[in-house]
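Thanks for sending this one over.

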Amino acid sequence: SWDYGIELKSLIGQPIDYVMSEVKVRITEALSADDRIEAVEDFVAEKVDKDTVHCSFKVITTENDRIYVEMEVNV
């Protein structure tokens, strides 16, 4: 639904160091809004190049599933 989502557009053009710290907060907040998500763990954000951040993390569900996620954020 529209209740869930990650607000990353405002990160476009921002310094990469700011993006790397902020992307963790935004992704964690977006996933935590879903009552099926228990936790987001082991979050790592790494600079790929001047406008790309690679993120990896583990999502723990209320059913105790562990979902490993990798994604790239272009800013």
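1. A word on burial before anything else: a residue is called buried under 20% relative accessible area, exposed over 50%, and partly exposed in between, with a 1.4 Å probe and protein chains only. Please keep in mind that this is a predicted model, in which local features need pLDDT of at least 70 and side-chain atom pairs count only at pLDDT 80 or more, while totals for chains, interfaces and linings use all residues. Residues are numbered from 1 along each chain as its sequence is written, and side-chain values use heavy atoms, with hydrogens and water left out.

2. On that scale Asp 34 is buried, at 9% relative accessibility, whereas Arg 36 is exposed at 54%. Their side chains meet in a salt bridge, 2.5 Å from N to O. By salt bridge I mean a side-chain nitrogen of Lys or Arg within 4 Å of a carboxyl oxygen of Asp or Glu. The structure holds four of these.

3. Now the sheet. Helices (H or I, at least four residues) and strands (E, at least two) are DSSP runs numbered from the N terminus, and two strands pair if DSSP finds at least two bridges between them. Three strands make up an open sheet in the order 1-2-3, with antiparallel pairing. Strand 1 (37-49) and strand 3 (66-74) each have a single partner strand, so one side of each of these edge strands lacks a neighbour in the sheet. From one strand to the next, the twist averages 15 degrees.

4. How many bridges join strand 1 to strand 2? There are nine, and strand 2 covers residues 52-61. Glu 46 stands opposite His 54 of strand 2.

5. Helix 1 (residues 16-32) lies across strand 1, strand 2 and strand 3, and runs at about 160 degrees to strand 1. For such angles, axes are lines fitted to C-alpha atoms, for helices over the stretch in contact, and the values run from 0 to 180 degrees between N-to-C directions. Contact means heavy atoms within 4.5 Å.

6. Lys 58 deserves a look. Its side chain meets that of Glu 41 in a salt bridge of 3.7 Å, N to O; Glu 41 lies in strand 1 and Lys 58 in strand 2, so the pair ties together parts 17 residues apart in sequence. Lys 58 also forms a salt bridge with Asp 42, where the closest N and O atoms are 3.3 Å apart. Shared partners join Glu 41, Asp 42 and Lys 58 into one network. Is each member buried or exposed? Lys 58 is buried at 12%, Glu 41 is partly exposed at 34%, and Asp 42 is exposed at 54%.

7. Next, the core: a nonpolar core is a set of buried Ala, Val, Leu, Ile, Met, Phe, Trp, Tyr and Cys residues joined through side-chain atoms within 4.5 Å. The largest has 16 residues, of which Val 23, Phe 43, Val 53 and Cys 55 touch the most other members. Helix 1, strand 1 and strand 2 each supply at least two residues of this core. Leaving aside neighbours within four places in sequence, the contacts of Phe 43 include Val 23, Ile 27 and Cys 55.

8. Finally, Ile 37 is found in strand 1 and counts as buried at 18%. Beyond its neighbours within four places in sequence, Ile 37 is in contact with Leu 31, Val 59, Ile 60, Thr 61 and Thr 62. Ile 37 and Asp 17 are 20 residues apart in sequence, and their C-alpha atoms are 27 Å apart in space.
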